[in-house]
Amino acid sequence: MPVRLQIQRRSWRLAGVSALLGMVSATCIAAATPEPSLELSHAEREGLIFERQQTMSQLQRDGELLGNIVAGLAAREKLGEATRAIANGARDALRDYQNRVPGGRSKPEVWSNNADFMARMEAFARNAEAMAQAGEAGNIALVTERMIEAMPCKQCHDIYREPKKP
Ligand code: HEC
């Protein structure tokens, strides 16, 4: 089972998260979803949600750094590092969402319209990789050009992310 393998590979990270979340598991209400990861415990599911949120938060930081570099507000020497970090983050996000775990601020449409969602994640990962190659070559003009397709953050959030609760 791919999900199992992934859990095992990442269990060292999840162990801490699971311990943390063990205390809230009593309040868990299982959400219905097509092909849910039934064999996962509540704590494991919460750990996977936490993990994809961490991936996204890191993307936010790396995206801000890249924005500052392109705007001339941060050192241009960091272009390769920043674009590579975004490409890695996009790949991580794609991998994170291979676990079908409803919850967090992922809208139900992530699962009910999963083919479209995953196609967007794949395009994100592919285009961010192309941007990282330009970044590592030090080509800021090409990075700027590729950024549009490599950073489809808002387009996806507008459709698939719940707004923050007040
Ligand atoms: C294909 C869809 C998609 C793309 C592309 C995407 N995101 Fe997200 N993002 C989501 C979803 C869905 C969530 C909600 C995660 C959850 O809570 O389950 C999210 C959550 C977040 C969060 C909140 C994390 C938290 O701690 O709750 C941030 C910040 C974020 N994304 C930043 C980014 C940035 C920056 C990019 C682009 C570089 C990006 N995202 C690209 C779908 C996407």
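**View 1. F124 in helix 6 of the predicted model**.
F124 belongs to helix 6. The residue is buried, because 25 other C-beta atoms lie within 10 Å and the cut-off for burial is 20 or more. Leaving aside residues up to four places away in sequence, F124 touches A90 and P152. F124 and A90 are 34 residues apart in sequence. In space, their C-alpha atoms are 6.2 Å apart.

**View 2. Packing of helix 4 with helix 6**.
Two packed helices are described by the angle between their axes and the distance between the axes. Here, helix 4 (residues 79-96) and helix 6 pack at an angle of about 165°. Their axes are 8 Å apart. The angle makes helix 4 roughly antiparallel to helix 6. The crossing of helix 4 past helix 6 is left-handed.

**View 3. Residues of the contact between helix 4 and helix 6**.
Helix 4 contributes L79, G80, A82, T83, R84, I86, A87, A90, R91, A93 and L94. Helix 6 contributes M121, E122, F124, A125, A128, E129, M131, A132, G135 and E136. By class, the contact has 13 nonpolar, three polar and five charged residues. F124 and A90, the pair from View 1, are both part of this contact.

**View 4. The shell around the ligand**.
Helix 3 gives the most, with eight residues. The shell divides into 13 nonpolar, seven polar and four charged residues.

Technical notes: Residues are numbered from 1 along each chain as its sequence is written. This is a predicted model: local features need pLDDT of at least 70, side-chain atom pairs count only at pLDDT 80 or more; totals for chains, interfaces and linings use all residues. A residue is near a molecule or strand if its C-beta atom, placed from the backbone, lies within 6 Å of it. Helices (H or I, at least four residues) and strands (E, at least two) are DSSP runs, numbered from the N terminus. Ala, Val, Leu, Ile, Met, Phe, Trp, Tyr, Cys and Pro count as nonpolar, Asp, Glu, Lys and Arg as charged, and the others, Gly among them, as polar. Axes are lines fitted to C-alpha atoms, for helices over the stretch in contact, and angles run from 0 to 180 degrees between N-to-C directions. Angles under 35 degrees count as roughly parallel, over 145 as roughly antiparallel, 65 to 115 as roughly perpendicular and the rest as oblique. A crossing is left-handed if the near helix is turned anticlockwise from the far one by less than a right angle, and right-handed if clockwise. Two residues are in contact if their C-beta atoms, placed from the backbone, lie within 7 Å. A residue is buried if 20 or more other C-beta atoms lie within 10 Å of its own, exposed if 12 or fewer, and partly exposed in between; C-beta atoms are placed from the backbone.
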